Amino acid sequence: MGARVFGTVGSESKRLVAMAAGADEVVVSRNYRVWPEISRLAGRAGVDVILDAVGGRGLRHGYERMNLGGRLVVYGFAEMMPRRGLRNWPLLAWRVMRMPRFSPFGMTGTNKSVAGFNLVYMWKKPELFAAGLDALAGMARQGTIRPVL
């Protein structure tokens, strides 16, 4: 595709997995403070597309560093979920309140966009879900993608 891919992971052991999956550069951070390093690595080229599974404060930092015309796709909120099975409702409420709000006016002024994706809702469109799975299976058979099991 011609893209330079930056990956972010929470441990050194995951760095190797991300590199094997095709990331050109991998930033390791247990607290998701990755954007200064990604900005340094991207340099003047900047960042055009962000696929974010962490959510939370990283969304704002990523959006701010996106190029004009950039796309931010949110498909998870790992930072929001309780760790070690303990539910801390006040902390969750605090994290939700701190989540960035994106202005449609601001987005049209920079031609940036934010999209969300949740695989759970694909069950309501089984033909689309099946087509996506078939496409992924085909790419795996051709060796275009290498799923990690």
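Me: Is Met-107 buried or exposed?
Reply: In this predicted model, Met-107 has a relative accessible area of 17%, and since buried means under 20%, Met-107 counts as buried.

Me: Which element is Met-107 in?
Reply: Met-107 belongs to helix α5, which covers residues 104–110.

Me: And what does Met-107 touch, leaving out residues up to four places away in sequence?
Reply: With those set aside, Met-107 is in contact with Tyr-63, Phe-102, Lys-112, Ser-113 and Val-114.

Me: How far is Met-107 from Gly-69?
Reply: In sequence Met-107 and Gly-69 are 38 residues apart, while in space their C-alpha atoms are 8.9 Å apart.

Me: Let's zoom out. What is the order of elements from the N terminus?
Reply: The chain has six helices and five strands, and from the N terminus these run β-α-β-α-β-α-β-α-α-β-α.

Me: What does the C-alpha trace span, and how many residues are buried, as a percentage?
Reply: The C-alpha trace spans about 45 × 40 × 35 Å along its principal axes, and of the 149 residues in the chain, 26% are buried. The accessible surface of the chain comes to about 10,800 Å², with 61% of that belonging to carbon and sulfur atoms.

Me: What about contacts between residues at least 6 apart, how many join residues at least 24 apart?
Reply: Among the contacts between residues at least 6 apart in sequence, 40% join residues at least 24 apart.

Me: OK, the core. Which residues in the largest nonpolar core touch the most other members?
Reply: That core has 16 residues, and those touching the most other members are Val-34, Trp-35, Ile-38, Val-47, Ile-50 and Leu-72. Two or more residues come from each of α2 (35–42), β3 (47–52), α3 (57–65) and β4 (66–74), and α2 gives the most, with four residues.

Me: Take Val-47, what does Val-47 touch?
Reply: Not counting residues up to four places away in sequence, Val-47 touches Trp-35, Ile-38, Ala-42, Arg-65, Met-66 and Asn-67.

Me: Changing topic, how many salt bridges are there in the whole structure?
Reply: A search of the whole structure gives three salt bridges. One of them joins Arg-4 to Glu-25, with the closest N and O atoms 3.1 Å apart.

Me: What does the Arg-4 and Glu-25 pair tie together?
Reply: Arg-4 lies in the segment before β1 (6–9), whereas Glu-25 is in strand β2 (residues 25–28), so the pair ties together parts that are 21 residues apart in sequence. Arg-4 is partly exposed at 44% relative accessibility, and Glu-25 is also partly exposed, at 27%.

Me: Last one, how far apart are the mean positions of the charges?
Reply: The mean positions of the 22 positive and 10 negative charges of the chain are 7 Å apart.

How values were computed
Residues are numbered from 1 along each chain as its sequence is written. This is a predicted model: local features need pLDDT of at least 70, side-chain atom pairs count only at pLDDT 80 or more; totals for chains, interfaces and linings use all residues. Side-chain values use heavy atoms; hydrogens and water are left out. Buried means under 20% relative accessible area, exposed over 50%, partly exposed in between (1.4 Å probe, protein chains only). Contact means heavy atoms within 4.5 Å. Accessible areas come from the Shrake-Rupley method with a 1.4 Å probe; for residues, only the protein chains shown count as cover. Lys and Arg count as positive and Asp and Glu as negative; His and the chain ends are not counted. The place of a charge is taken as NZ of Lys, CZ of Arg, CG of Asp or CD of Glu. A nonpolar core is a set of buried Ala, Val, Leu, Ile, Met, Phe, Trp, Tyr and Cys residues joined through side-chain atoms within 4.5 Å. A salt bridge is a side-chain nitrogen of Lys or Arg within 4 Å of a carboxyl oxygen of Asp or Glu.
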